[in-house]
Amino acid sequence: MEAVQEPVRNKKQLESDERWMLAQRIVRSVKFSRADRLSEMLLCICRLHLAGRDEEINEQRIGIDVFGRVPSFDSGSDSIVRSHATRLRQRLEFYFMTEGIQEPLHLEIPRGGYVPRFFHPEPKSGREDHAPVALGALL
């Protein structure tokens, strides 16, 4: 279920927002602790999203703000943002399978864009931990 909240308007609201606190925990995690650019990218897109500025979260903006590219950089020939986004998605997935497994709120960056999605994961049933059993094996 998607967590929907109003945009944050100031630093105090940002620092007390559960979504921002999650992003902060993620970048302090073991998997992100030595990945400065990935951490910076995650915080940049989360900050823009939480401020209600999703339309600004694009490859060009990330290239300029996070990777120091000039405003006229050609994202078609410079894939730094796309390659880092792939690694960021992988590390987020790993975080929520390990250190962040108990997090009540999750975060993902859906493929095809850079806007983060915050959501409350569905509770897992006990059957998911077991290998599927064919119906014939039960008879």
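Arg 19 is buried in this predicted model, with a relative accessible area of 4%. Its partner is Asp 17: the two side chains meet in a salt bridge, at 2.8 Å from N to O. Asp 17 is buried as well, with a relative accessible area of 8%. Both residues count as buried because the cut-off is under 20% relative accessible area.

Now to the other charged pairs. Side chains of opposite charge can pair when their charged atoms come close. How many salt bridges does the count come to? The count comes to 8.

One of them joins the side chains of Arg 53 and Glu 56, 2.9 Å from N to O. Arg 53 is partly exposed, with a relative accessible area of 31%, and Glu 56 is partly exposed too, at 22%. This pair belongs to a network of salt bridges that links Arg 53, Glu 56, Arg 61 and Asp 65.

Another salt bridge connects Arg 69 with Asp 78, where the closest N and O atoms are 2.6 Å apart. Arg 69 is partly exposed, and its relative accessible area is 26%.

Next, the chain as a whole. The protein chain has 139 residues, and 37% of them are buried. It contains 6 helices and 2 strands. In what pattern do they follow along the sequence? The order is α-α-α-α-α-β-β-α.

On contacts: of those in the protein chain with a separation of 6 or more, 49% are between residues 24 or more positions apart.

Last, the surface. The protein chain exposes about 8,800 Å², and carbon and sulfur atoms supply 53% of that area.

Definitions and conventions. Residues numbered from 1 in each chain as written. Predicted model: local features only at pLDDT ≥ 70, side-chain atom pairs only at ≥ 80, totals over all residues. Heavy atoms only, no water. Helix = DSSP H or I, 4+ residues; strand = E, 2+ residues; numbered from the N terminus. Buried < 20%, exposed > 50% of the residue type's maximum accessible area, 1.4 Å probe, protein only. Contact = heavy atoms within 4.5 Å. Areas by Shrake-Rupley, 256 points an atom, 1.4 Å probe, with all protein chains shown as cover. Salt bridge = Lys/Arg side-chain N within 4 Å of Asp/Glu carboxyl O.
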